Amino acid sequence: MPSGRPEPGTPAGPSARSTELLHQHPVLTRLGELFAEHGHEIALVGGPVRDALLGRPVNDLDLATSARPEQIEQVVKGWADAVWDVGREFGTIGLRKGDDQIEITTYRSDAYEPGSRKPVVAFGDTLVGDLSRRDFTVNAMAVVLATAELVDPYDGRTALAERRLTTPVTAEQSFDDDPLRMMRAARFVAQLGFDADPDVVAAMTRQADRIEIVSAERVRDELDKTLCAADPVEGLRLLVDTGLADRVLPELPALRLTDDEHHRHKDVYEHSLTVLEQAIALEQRLDAQPDLVIRLAALLHDIGKPRTRKFHSGGTVTFHHHDVVGAKMTRKRLKELRYSNDVIDQVADLVELHLRFHGYGSGEWTDAAVRRYVRDAGDQLDRLHVLTRADCTTRNARKAARLQRTYDELEQRIEVLRGQEELDAIRPDLDGTQIMAILGIGPGREVGEAYRFLLDLRMDRGPMSEEHATEALRAWSAARD
């Protein structure tokens with residue numbers, strides 16, 4: 001055992017929580033009996049044990065066993081309702097029994113070869129050995145199903161009590177074995193409210209470059225879990241402070257270099273984290289909670305500022321067009337992180353639109369401008385409401401209240417217009433077939449130009465009768481001729 005951690009201890013014996021956990025999931029007790037009858041050990045491991053000891057709901061049932069994959073299948077054959085191969089090369093077999101879905105994995109250790117993006121899997125023979133390869137001590141505990149014994153060789157219970165993230169082996173070895181664990185540390189800080197041990201922080205800082213061998217998809221998944229946690233800001237701070245963010249989301253730490261134009265925040269980095277927190281507080285306005293799209297948009301909405309920063313006489317700083325530049329940067333970064341096209345489009349559109357409200361002033365917008373605001377936001381309008389409100393971080397209470405009242409008024413005007421016309425699906429008052437019939441033309445570019453003219457007219461004037469739309473179309477065509 002490497003220095004810096006105590007030698008593995010002995011099973012801690014049954015605990016009230018572990019016994020209660022087995023009682024809540026009778027399928028586990030029966031699995032313990034089946035594997036014991038075949039001469040194999042099986043235990044509930046990792047997150048479910050941690051959550052049970054924390055008094056959190058236990059949903060996923062992850063099990064580890066001394067049996068090899070083909071032996072796992074033999075043990076559960078005829079008992080499980082369904083059995084499938086999750087990843088035989090990784091030692092994992094899935095099964096369903098009643099309403100319970102379970103994954104069973106052979107004792108193992110994962111490690112990355114230098115420069116490789118795929119972990120090398122070696123099967124093990126002991127539970128303590130398997131636990132030694134876990135990411136953190138709070139996840140290096142197990143409950144043996146046959147006896148309800150809590151196995152805690154690396155004192156995970158103390159780490160839980162102290163709300164600290166420590167590693168079973170040295171942090172350097174743990175992160176060298178699987179660099180993704182550095183991202184996972186940030187996720188657990190965000191999810192559980194734990195503090196990363198100084199050794200963990202130091203190792204993350206020294207080995208930040210090693211994250212580059214991990215696939216973008218795995219990095220993205222951990223980033224998503226961090227963003228969707230109860231307190232993503234603390235997890236993000238850990239990524240930035242250790243240099244991990246420089247490798248996976250460099251636009252975020254870059255914001256620390258940028259003072260905002262009002263000089264009312266330490267920097268745009270702090271402002272962006274505040275906007276994220278305020279967007280989360282407003283998520284009850286949205287259907288999804290947590291909402292990954294709004295959280296990404298809140299975090300990234302100002303990433304165009306470093307590239308658009310201009311200094312002027314008198315000490316003023318401007319960031320003209322940072323919304324447009326930021327949208328392009330957002331698309332590039334999210335594409336590199338392998339996000340879906342839908343998520344990329346939604347987040348980038350929100351970033352590009354996040355300043356639009358500030359042209360509203362004290363309510364001088366015409367109905368046409370309100371219609372365009374709704375049209376440009378499309379199905380992201382509710383999220384845009386949240387982002388715009390969250391982006392108000394001024395410490396001036398009177399100004400903040402005024403901005404909120406002004407946005408309340410804009411939302412009210414949108415609702416009034418929505419009640420008067422089909423605001424969510426604005427179309428010209430004539431379709432393509434009607435345009436061709438009225439102008440006596442066939443399909444072609446002129447039809448598209450006429451369609452856009454009528455759409456702009458619809459935005460400016462609101463709904464028109466077919467007669468008036470026809471008259472306007474003919475006048476437009478005659479003026480062109």
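**A walk through a predicted protein model**

Of the 481 residues of the protein, 51% count as buried, where buried means under 20% relative accessible area, exposed means over 50%, and partly exposed lies in between, judged with a 1.4 Å probe and protein chains only. The model is predicted, and local features need pLDDT of at least 70, side-chain atom pairs count only at pLDDT 80 or more, while totals for chains, interfaces and linings use all residues. Residues are numbered from 1 along each chain as its sequence is written, and side-chain values use heavy atoms, with hydrogens and water left out.

The protein has 24 helices and 14 strands, helices (H or I, at least four residues) and strands (E, at least two) being DSSP runs numbered from the N terminus. The radius of gyration of the protein is 29 Å, well over the 23 Å that the globule rule gives for 481 residues, so the protein is more spread out than a compact globule; this radius is taken over C-alpha atoms, and the globule rule is 2.2 Å times the number of residues to the power 0.38. Taken along the principal axes, the C-alpha atoms fill a box of roughly 90 × 60 × 40 Å. Among the contacts in the protein with a separation of 6 or more, 66% are accounted for by residues 24 or more positions apart, a contact meaning heavy atoms within 4.5 Å.

With this overall picture in mind, we can turn to single elements. In helix α4, which spans residues 69-76, the buried residues are Pro-69, Ile-72, Val-75 and Val-76. These residues cover an arc of only 120° around the axis, which puts them on the same side of α4; the arc is that of the directions from the helix axis to the C-beta atoms. Helix α4 is followed by Gly-78, whose phi is positive, near 85°.

Our last stop is helix α24, residues 466-480, in which Thr-470 is found. Thr-470 has a relative accessible area of 12% and is therefore buried. If its neighbours within four places in sequence are left aside, Thr-470 is in contact with Leu-430 and Ile-438.
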